[in-house]
Amino acid sequence: MSLTKSELETYRTAGYLLVPSLLSSQEAEVLLEVAVLGKIDKMGRAAEDSEGRAAKLNLWDHPGDDMFGAIASSPRVVERCEAIVGEEVYHWHSKMMLKDPGTGAWEWHQDYGYWYDACLYPRFASCFIAAHPATRRNGCLQVLRGSHHAGRLEHGVVNGQTGADPSRVEQLLTRHERVYVEMAPGDALFFHPNLLHRSDANHSENPRWALICCYNARSNSRFDGRTDAGHPPYTPLTQVPDSAILDRGLRDLGRLQRAS
């Protein structure tokens, strides 16, 4: 489940690694059904883009005893993130990004731009798993290849959202390739916390949902000692068998179907 030397080199050079079919087609299908029947899009929060369109997400700090928690605790995700970070990791948060038709854009940002105040080092890794097909038309993720080598940029209010310093982003756009990460359901993108990324509004008739699982290094536990601010300090992550993904998914799906 870990990464080859070639995959690690790709990640270190580009700041990301695309892994096709991290989830099987059946697992990806059940994940989406559980998310839809569980009305995950009715929970969480939204941030408006510069045109007043909501960009929605649902975020939680601890993996639960459900399909989402099984994915976040599975060796196929955790072991790859530990290979990337180089040590034991723990669950920082997971979230569903809910880009429905007509929903808004996300500005250029780095995840460590958000987490810098809690942790001293960018020793994180994130795994972005497509639940719907992700295309340029429905607002797929965009990344600046190799931009993580610029280090953390200052973040502030950009078009109503928290985004990276626009003047620095403008310069980096001239030096790094912009990649539109089109993905099939079940594909996964592992990426660095300082990789600049964004997405356009969804101009299609099709939703673009994704599950993102984020991990912090054990040695990088938040330095402020806070336990009331979201994003926990080091909490051991108990891995579950990869088979738990589908087992829990089918269990969750049956429960939701009975309740509907």
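Predicted model: local features only at pLDDT ≥ 70, side-chain atom pairs only at ≥ 80, totals over all residues.
Let's start with the strands. Seven of them, in the order S1-S11-S6-S13-S4-S3-S2, form an open sheet with antiparallel pairing. Strand S1 (16–19) and strand S2 (45–48) stand at the edges with a single partner strand each, so one side of each has no neighbour in the sheet. From one strand to the next, the twist averages 20°.

Now look inside the sheet at strand S6 (residues 124–130) and strand S13 (residues 208–217). These two run antiparallel and are joined by 7 bridges. To find your place, look for Ala130, which stands opposite Ala210 in S13.

Next, find helix H2 (residues 25–37) and helix H7 (residues 243–259). They pack at an angle of about 35°, and their axes are 9 Å apart. The crossing of H2 past H7 is left-handed.

Which residues meet here? On the H2 side they include Val30, Val34 and Leu37, and on the H7 side they include Ile245, Leu250 and Leu253. By class, the contact of H2 with H7 has 8 nonpolar, 3 polar and 3 charged residues.

## Two residues with positive phi

Asn159 sits in the loop between strand S8 (155–158) and strand S9 (161–164). Its phi is near 50°, a positive value in a residue other than glycine. Asn159 has a relative accessible area of 45%, so it counts as partly exposed.

His231 also has a positive phi, near 60°, and is not glycine either. You will find His231 in the loop between S13 and H7. Is His231 buried or exposed? With a relative accessible area of 19%, His231 is buried, because the cut-off for buried is under 20%.

Key:
Residues numbered from 1 in each chain as written. Heavy atoms only, no water. Axes fitted to C-alpha atoms, helices over the stretch in contact; angles between N-to-C directions. Helix = DSSP H or I, 4+ residues; strand = E, 2+ residues; numbered from the N terminus. Left-handed = near helix turned anticlockwise from the far one by under 90°. Contact = heavy atoms within 4.5 Å. Nonpolar A, V, L, I, M, F, W, Y, C, P; charged D, E, K, R; others polar. Pairing = 2+ DSSP bridges. Buried < 20%, exposed > 50% of the residue type's maximum accessible area, 1.4 Å probe, protein only.
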